[in-house]
Amino acid sequence: MNVLILTGAGISAESGIPTFRDANGLWEGYAFEEVATPAAFARNPALVQEFYNQRRRALLRPEIQPNAAHVALAEFEKRLSDSEDDEFLLVTQNIDDLHERAGSDNVLHMHGELLKAQCLETLECYPWREDLDETTPHPDDPDDETRCGMLRPHVVWFGEIPIGLDRIEKAATRANVFIAIGTSGLVYPAAGIVSMTPPSCRRIEINMDDTPASPSFDETIRGRASETVGRVLA
Ligand code: BJW
């Protein structure tokens, strides 16, 4: 069995990480679309860095932990890995590390990772848990203050190409089962993955509400991810 999972902000909502498009999707008065673009970073890097600094600090708070849905996915992957014939890929749009903390191994972060920083010059990525700003020294050259401002959060902004698209397309075209969990189906190309799966694939959407992508699925399961994912994967 080839299983492809796509997760979005809804799976981490019950762990205390806010979704993007809820009733008040504002940060300090800014719509997140205003701070999640390369143009915003070019215009006001300090503002954009602070947006991600706050989210990084929040992610590292001890009370933010994987929930039952993250755990159910990790346990399902372990069960599948007992058979050599099975393939499993967990594609997440989330930049948190809750899937890894729950024990998932085969995770592809198509929109990047909050706990990594990227050098603007070399595009090299580094594990990163601290605040970033224009004065952050480069990790390869920590004493050289002249190289300040060369690091950005390792995230995919609007207009940038998501990570791992070839691998995602390959997994989608081979999938027997595709499950999208807690994603609004509004942001492309993630929202188009369901249409890459073959007609024989069983497509399941798990969400609290209907989404624009719902008609593309064979089954739509309504409810909280923490209560539904384990049941679907049992
Ligand atoms: C629960 C729950 C619970 C709540 N249980 N469920 C016009 C038409 C089509 C496309 C475009 C267009 N104009 C521009 C574009 C392209 C653009 C795009 O899609 N824009 C749309 C908004 C219109 N896309 C891009 O720019 C992408 N790049 C691109 O297209 O490159 C060109 C290219 C691609 C491919 C080949 C060649 C060229 C890049 C997109 C990058 C998105 N980046 C962000 C920010 C990442 C960093 C950060 O986190 O700050 O990614 S935006 C933001 O949205 C974030 C998320 O990953 C992404 C998706 O959001 P998600 O996860 O779906 O969250 P929500 O909040 O929207 O929904 C939560 C859902 O959970 C809801 O449905 C709830 O009901 C549910 N839920 N609690 C279960 N407990």
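**A buried asparagine, a core, a cavity and a pocket**

N53 touches D131 and L132, leaving aside residues up to four places away in sequence; contact here means heavy atoms within 4.5 Å. The model is a predicted one, in which local features need pLDDT of at least 70 and side-chain atom pairs count only at pLDDT 80 or more, while totals for chains, interfaces and linings use all residues. Residues are numbered from 1 along each chain as its sequence is written, and side-chain values use heavy atoms, with hydrogens and water left out.

N53 belongs to helix α4, residues 45-59. Helices (H or I, at least four residues) and strands (E, at least two) are DSSP runs, numbered from the N terminus. N53 counts as buried because its relative accessibility is 3%, where buried means under 20% relative accessible area, exposed over 50% and partly exposed in between, with a 1.4 Å probe and protein chains only. A polar atom of the N53 side chain lies 2.8 Å from the backbone nitrogen of L132.

The largest nonpolar core has 20 residues, and I5, L73, I179, I181 and V229 have the most contacts inside it. Such a core is a set of buried Ala, Val, Leu, Ile, Met, Phe, Trp, Tyr and Cys residues joined through side-chain atoms within 4.5 Å. At least two residues of this core come from each of β1 (2-7), α5 (68-80), β4 (87-92), β9 (177-181), β10 (202-207) and α8 (225-233). Helix α5 gives the most, five residues. I181 touches I5, L6, T7, G8, I11, L73, I206, A225 and V229, again not counting residues up to four places away in sequence.

On a 1 Å grid over the protein atoms alone, a cavity is a set of points where a 1.4 Å probe fits but cannot get out, and a pocket is an open set with protein on both sides within 12 Å along at least five of seven lines; lining residues have an atom within 4 Å of a point. Grid points are joined across faces, edges and corners, and a volume is the space filled by probe spheres set on the points.

The largest cavity has a volume of about 80 Å³. Of its 16 lining residues, A180, T183, G185, A213 and F217 are the closest to its centre. Strands β9 and β10 are the elements that give two or more residues to this lining.

The second largest pocket has a volume of about 180 Å³. Its lining includes N2, E87, N106 and R167. Two or more lining residues come from each of β1, β4 and α7 (165-174), and α7 has the largest share, four residues.

Methods
A polar contact is a pair of N or O atoms within 3.5 Å; within protein, one must be able to donate a hydrogen and the other to accept it, and residues adjacent in sequence count only if both atoms are side-chain atoms.
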